[in-house]
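Here is a short report for a reader new to this structure. Please look over the sequence and the 3D view before reading on.

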Amino acid sequence: MHLGDVRQPAPFALAVLIGFVVARFVGVAAHEVLGHGLFALAFGGSFYGTYVSPGSGFAFVFLPPGGPEAFDAAVALAGILVELLFGVGVLLAYPRMRTFLGRLVTLLLLEVLFVYSFVYLALGALDATAGDAAQATASLGAPHLTASFLVVGLLWAVAAAYGISREIVRITAPFGPTRRQFLYLGLFWFTPL
C-alpha cells in the first residue's frame, strides 16, 4: 500500500491513523505483559493470560494472599511504569530517526506511552474508573494518593502533549502559516478519535 506524500494532509491523516493503532497495540501489550504480568511473576505470583486491543487490555495475574499490600500496589502500577520507561527509551531513540514517517510513528508511540499513560494514571485514580491507580490506592489504604495521581498525571500529560505538539509543528510546517500548523496538530491529535 502506498500512502502518497505523507507530508500532505490526507496521507498524513491516514499514516497517523495506522501508526496510532499500531502504537496502541504496542503500548497496551507492554502495559499488560511487561508491566502487570512480569511484575506479578517477580513478586511470586503467576501470570496466566492477557487480552490486548488498541482500546484496552487486561492481564490475568495472581498474587499469593498474605503478601505485603505494596506488592499489590506495585503490580497495579507496573503497567504505567513500564509504558513510561519504554517511552523514555523511544524518546532517546527519536533523534536517530531520519525519515519523516519514522519521526511521525515515533511521535505516535510517545503520544501513547507518555500522554495516554499519564492521563490513565490521573483518571484511573478515580474510584469510579477502577483503574490501576485506584487499585493501588485501595491496596495501600491510602485514599490521599488519589489527588496526587490526578494532579501529577494531568500535569505530565499536558507537558508531554505540548512537547509532542511542538515537534509535530517542527516536522510538518515549521515556517508555515499558523492555519497549516493547526491543521497538522488537529490531524495528529484528533484523527485517532
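## F114 and its contacts

F114 touches L84, G87, V88, L91 and A160, leaving aside residues up to four places away in sequence. Contact means heavy atoms within 4.5 Å. F114 lies in helix α3. F114 is buried, with a relative accessible area of 12%. Buried means under 20% relative accessible area, exposed means over 50%, and partly exposed lies in between (1.4 Å probe, protein chains only). A70 is 44 residues from F114 in sequence, and the two are 24 Å apart in space, C-alpha to C-alpha.

## Basis of the model

This is a predicted model: local features need pLDDT of at least 70, side-chain atom pairs count only at pLDDT 80 or more, and totals for chains, interfaces and linings use all residues. Residues are numbered from 1 along each chain as its sequence is written, and side-chain values use heavy atoms, with hydrogens and water left out.

## The whole protein

The protein has six helices and two strands. From the N terminus on, the order of the elements is α-β-β-α-α-α-α-α. Helices (H or I, at least four residues) and strands (E, at least two) are DSSP runs, numbered from the N terminus. The C-alpha atoms fill a box of roughly 60 × 35 × 30 Å, taken along the principal axes.

The protein has 193 residues, and 44% of them count as buried. Its accessible surface comes to about 10100 Å². Carbon and sulfur atoms hold 72% of that surface. Accessible areas come from the Shrake-Rupley method with a 1.4 Å probe; for residues, only the protein chains shown count as cover. Among contacts with a separation of 6 or more, 64% join residues 24 or more positions apart.

Charges come next. The protein has 9 positive and 9 negative charges, and their mean positions are 23 Å apart. Lys and Arg count as positive and Asp and Glu as negative, while His and the chain ends are not counted. Each charge is placed at NZ of Lys, CZ of Arg, CG of Asp or CD of Glu.

Helix α1 covers residues 9–42, which makes 34 residues. It reaches 46 Å from its first C-alpha to its last, close to the 50 Å expected at 1.5 Å a residue. The expected span is 1.5 Å times one less than the number of residues. G44 follows α1 and has a positive phi, near 85°.

Strand β1 (residues 46–52) pairs with strand β2 (residues 57–62) in the antiparallel sense, over six bridges. Two strands pair if DSSP finds at least two bridges between them. A hairpin of four residues joins β1 to β2. Which residues face each other across the pair? F47 has V61 in β2 as its bridge partner, and Y51 stands opposite F58 in β2.

T106 lies in helix α3 (residues 100–123). Its relative accessibility is 6%, so T106 counts as buried. T106 touches V90, Y94 and M97, not counting residues up to four places away in sequence.

I164 has its place in helix α5. At 6% relative accessibility, I164 is buried. I164 touches L107, L110, E111, V115, F188 and W189, again not counting residues up to four places away in sequence. I164 and E83 are 81 residues apart along the chain, and their C-alpha atoms are separated by 16 Å.

## Partly exposed sites

A147 also belongs to helix α5 (residues 145–172). Is A147 buried, exposed or partly exposed? A147 is partly exposed, at a relative accessible area of 47%. A147 and A125 are 22 residues apart along the chain, with their C-alpha atoms separated by 7.9 Å.

P95 is in the loop between α2 (69–93) and α3. P95 is partly exposed, with a relative accessible area of 46%. P95 and Q181 are 86 residues apart in sequence and 21 Å apart in space, C-alpha to C-alpha.

A130 sits in the loop between α3 and α4 (132–140). A130 is partly exposed, with a relative accessible area of 48%. Most residues other than glycine have a negative phi. A130 is not glycine, yet its phi is positive, near 55°.
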